Amino acid sequence: MNYKGKAHRVGDHIDTDAIIPARFLVTTDAVKLGENCFAGLEPGWVKRVRKGDILVAGRNFGCGSSREHAPIAILGAGMPVVIAHSFARIFYRNAFNMGLPLMEAGDETANIQDGDELEIVAREGRIRDLTRGFDIVCPPLPESMSAVLNAGGLVGHVRKRLGKA
Amino acid sequence: MSKTLTQKILQKHSDEAVERDGQIVQCRLSLVLANDITAPLAIKSFREMRADRVFDRDKIVLVMDHFTPQKDIDSANQVLGCRAFAREQNITHYYEGGSCGVEHALLPEQGLVGPGDLVIGADSHTCTYGGLGAFATGMGSTDIAAGMALGETWLKVPPAIRVNYAGVMPEWLGAKDLILMLIGEIGVDGALYRALEFGGPVIDALPVEGRLTMANMAIEAGAKAGLFPVDERTRAYCVERGRPAPDFVLAADDGAPYERIVSFDVTGREPVVACPHLPSNVKPVSEVADTPVQQVIIGSCTNGRISDMRDAALVLRSRKVDKNVRCIVLPSTPAVWKQCLREGLLEIFMDAGCIVGPCTCGPCLGGHMGILGDGERAVATTNRNFKGRMGSLDSEVYLASPVVAAASAVLGRVAGPGQL
């Protein structure tokens, strides 16, 4: 998969309460959750997003609760991929399970500015900053995560194991 | 070869040889947990997986604790879906209404988790059971659905950080202070992708309820688990709760391959608080002692057990809550509530002017039963103080032990019991 879109930057240690506050967890619907994506950071934050835009975060993105509603809200808001310096572990696992690919780009993440045009060549783990003219190449995905992605997410993976594919 | 406690517990549940950190192993599950927020998504994924039956109806626990008593139509509907699933699958351990308590207080108390177990839960504070020497970790709903269907999951063996506590515990220092001190030291991602293993003379002397408080907040340092060795205290706790006493010793080997060792001397330390808006923003109480407070919460999966209630009552006895503060006491389980009643603690709370509420997660996550308005500030015995966690984006939460929370309620500002 390749992606192209505008970067939306958020800071370090963005927690799942910022991504989707608990008071909105009375639904499992992606569109409804997406409408309140980042409502815990700033009311109406999501209005800046156009479908296909790319979220760029700092350290430890997605820390806090185990709510799977967080990656669902990001997908529901129209952002198909997240780049960060690093990710919190439960969020990391959840995102892949939900079909939201993550790119762990380390210190170089800081070079991407809010509003930059980005292009992502997922197969190569490559992020292109078209505005500023540089590339970041991320380390390859752990084997366990590619297995889940290749099965079309964890649901497909388990379905196969249950012999119901 | 010497092994960490993490490696030893995972080995008990895997047919593969656990040989090194970072290795991915398939593990059998002792228990799989979800709540009223996360179970609905897990059930949805379970259906999409086309699974028919849960792997073992005795090993699934569903606790409707987050928005209990149901706070609105949507949250009530979510519980209806969980109840229907529990009936369909004939789930043994389904808790709702009057049987319901805060999950991570309820499961240890009911003897549903024990030493050496491997538990996954769709709640980040599932790591609490590390206090009993169980490897327990939070995952998302779809991983939980997979666990419910298969009875197993994959885990990456985390490198372990050893945390030692030595010295003489000062009078008002509690388990909450010990864990906040650590998070303040290593940061909210200080143990990211790692396990914390606790030890030292202070830990040996710490009652199991205090260990549960500490393990509960391992996730606030980013950790996958927070583990305590299984000793006589653990054994006694299990027997009291109707579990067989573990017939095994469980502790890290001498010379276990720790990635890092962090040590604290607690002698002469004063209680701490975690200031807004991160659990790592830890300061001694005296440094922030003039900060006015409008709400105090005593409860949650961190500090809502009977020992916490006794601590709070010790401070609130014959005192009054400041007139500008609403002090909300939420014993974590029905058994804790009843014990508070028997011991006269509820009367102490009521005489002090507290609101005594039901067993619920409610305010901790800004759900209900104590929400902060614009500019309001709370001292809470809960585990998270992220921006807007308890209500308005302009509100603030200070995390503290029950004695600090109670003293703050009396003085109407952040304060330790030494200041009363």
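How many salt bridges are counted between chain A and chain B? The count is 4. Keep in mind that this is a predicted model, so here is a quick tour of what was computed from it, starting with the contact between the chains.

**How much the chains share**
- Chain A brings 44 residues to the contact, while chain B brings 53 residues.
- Putting chain A and chain B together buries about 3900 Å², and carbon and sulfur atoms give 57% of that area.
- On the chain A side, the residues that lose the most area to chain B are V26(A), R89(A) and R93(A), together 19% of what that side buries.

**Polar links across the interface**
- One of the salt bridges pairs D17(A) with R389(B), whose closest N and O atoms are 2.8 Å apart.
- There are also 20 residue pairs in polar contact across the interface of chain A and chain B.

- Helices α3 (69–76), α4 (89–97), α5 (143–150) and α6 (154–161) of chain A each supply at least two residues to the side that touches chain B.
- The largest share comes from α4(A), with 6 residues.
- By type, that side of chain A splits into 19 nonpolar, 12 polar and 13 charged residues.

**Nonpolar cores**
- The largest nonpolar core has 45 residues, and those with the most contacts inside it include L10(B), F135(B) and M148(B).
- Helix α5 (residues 141–150) of chain B gives the most to this core: 5 residues.
- L10(B) touches, among others, V18(B), C27(B), L118(B) and F135(B).
- Another core, apart from that one, has 42 residues, including C127(B), M214(B), A215(B) and I328(B).

Definitions and conventions. Residues numbered from 1 in each chain as written. Chains lettered and ligands numbered in written order. Predicted model: local features only at pLDDT ≥ 70, side-chain atom pairs only at ≥ 80, totals over all residues. Heavy atoms only, no water. Contact = heavy atoms within 4.5 Å. Buried area = accessible area lost by both parts, 1.4 Å probe. Salt bridge = Lys/Arg side-chain N within 4 Å of Asp/Glu carboxyl O. Polar contact = N/O pair within 3.5 Å; in protein donor to acceptor, adjacent residues only side chain to side chain. Helix = DSSP H or I, 4+ residues; strand = E, 2+ residues; numbered from the N terminus. Nonpolar A, V, L, I, M, F, W, Y, C, P; charged D, E, K, R; others polar. Core = buried A, V, L, I, M, F, W, Y, C linked by side-chain atoms within 4.5 Å. Buried < 20%, exposed > 50% of the residue type's maximum accessible area, 1.4 Å probe, protein only. Lists of a residue's contacts leave out its neighbours within four places in sequence.
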